[in-house]
Amino acid sequence: MDEDVAFCPECGQKVINDEQYNTSIQSINDDGQGMQQVTNFNTGHYDLTTNNNSNSNDISQPGKGFAIASLVLGIVSLLFIIFFPLVGLVVSIVGVVCATKAKSSGYNGGMQTAGFVCSLIGLIFNGLYFVACVACVGMFGAAGTLAH
């Protein structure tokens, strides 16, 4: 084919020269958002990707690790309410401490708040369930000594 031909004379598909093919990444956003449009000229596929220049997904933010740990521990403490209240009690206490450390380190995101709330709910319910279990065992023990 000639170099100046824009379309294939047999199939009608658009012809792309080497220079057009090599410039496949074009910046579409110059306001600091870090968005880029990546175009694959072979398939016509467009993909929006982000640069990692922003700090929103950066784990090195102060206290973000504690916030993540708090959220995970809060969820785990909620799972332990029924079967392992003592373990859930300990896990929820550690979750509350991690949430407090995250806040004191300067991280006030939603993850820290959710971790604190889940851990606090786990602490309350695990504590109540543990006290109820101890009271039941104590009652059965007392009833056993009275029967003799």
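User: How far is the sulfur of Cys133 from the closest cysteine sulfur?

Analyst: This is a predicted model, and the distance is computed from its atoms. The closest cysteine sulfur to that of Cys133 belongs to Cys136. A disulfide requires two cysteine sulfur atoms within 2.5 Å, so this pair is too far apart for a bond. The separation is 6.6 Å.

User: How many disulfides does the structure hold?

Analyst: A disulfide is a covalent bond between the sulfur atoms of two cysteines. Cys136 takes part in no disulfide, as the nearest cysteine sulfur, in Cys133, lies 6.6 Å away. For the structure, the number of disulfides is 0.

User: What pattern of helices and strands does the chain follow?

Analyst: The chain contains 4 helices and 3 strands. Read along the sequence, these elements are arranged as α-β-β-β-α-α-α.

User: What percentage of the residues of the chain count as buried?

Analyst: A residue counts as buried when its relative accessible area is under 20%. The chain exposes about 10,500 Å², of which carbon and sulfur atoms supply 63%. Of its 148 residues, the buried share is 20%.

User: What span does H3 reach from its first C-alpha to its last?

Analyst: Helix H3 covers residues 85–104, which amounts to 20 residues. At 1.5 Å a residue, the expected span is 28 Å. Beyond the helix comes Gly106, whose phi is positive, near 110 degrees. The span of H3 is close to the expected value, at 28 Å.

User: What is the relative accessible area of Ser92?

Analyst: Ser92 lies in helix H3. The buried residues of this helix include Gly88, Val91, Ser92 and Gly95. Leaving aside neighbours within four places in sequence, Ser92 is in contact with Ser77, Ser119, Gly122, Leu123 and Asn126. Ser92 is buried because its relative accessible area is under 20%, the value being 0%.

User: How far apart are the C-alpha atoms of Gly115 and Val72?

Analyst: Gly115 belongs to helix H4 and is buried, with a relative accessible area of 0%. Apart from neighbours within four places in sequence, Gly115 is in contact with Ser70, Leu71 and Gly74. Gly115 and Val72 are 43 residues apart along the chain, yet their C-alpha atoms are separated by 7.1 Å.

User: Among contacts between residues at least 6 apart in sequence, what percentage join residues at least 24 apart?

Analyst: A contact requires heavy atoms within 4.5 Å. The count here takes in contacts in the chain between residues at least 6 apart in sequence. Those joining residues at least 24 apart make up 48%.

User: Which helix gives the most to the nonpolar patch?

Analyst: The patch is on the surface and is formed by Leu78, Phe116, Val117, Leu120, Ile121, Ile124, Phe125 and Leu128. Together these residues have about 660 Å² of accessible area. The helix that gives the most spans residues 110–147 and supplies 7 residues: helix H4.

User: What is the relative accessible area of Phe125?

Analyst: Phe125 is found in helix H4 and is one of the residues of the nonpolar patch. Patch residues must have over 30% relative accessible area, whereas an exposed residue needs over 50%. Phe125 is partly exposed, with a value of 46%.

Methods: Residues are numbered from 1 along each chain as its sequence is written. This is a predicted model: local features need pLDDT of at least 70, side-chain atom pairs count only at pLDDT 80 or more; totals for chains, interfaces and linings use all residues. Side-chain values use heavy atoms; hydrogens and water are left out. Patches are made of residues with over 30% relative accessible area and no salt bridge: like charges are joined within 9 Å, nonpolar side chains (Val, Leu, Ile, Met, Phe, Trp, Tyr) within 5 Å. Accessible areas come from the Shrake-Rupley method with a 1.4 Å probe; for residues, only the protein chains shown count as cover. A salt bridge is a side-chain nitrogen of Lys or Arg within 4 Å of a carboxyl oxygen of Asp or Glu. Helices (H or I, at least four residues) and strands (E, at least two) are DSSP runs, numbered from the N terminus. Buried means under 20% relative accessible area, exposed over 50%, partly exposed in between (1.4 Å probe, protein chains only). The expected span of a helix is 1.5 Å times one less than its number of residues.
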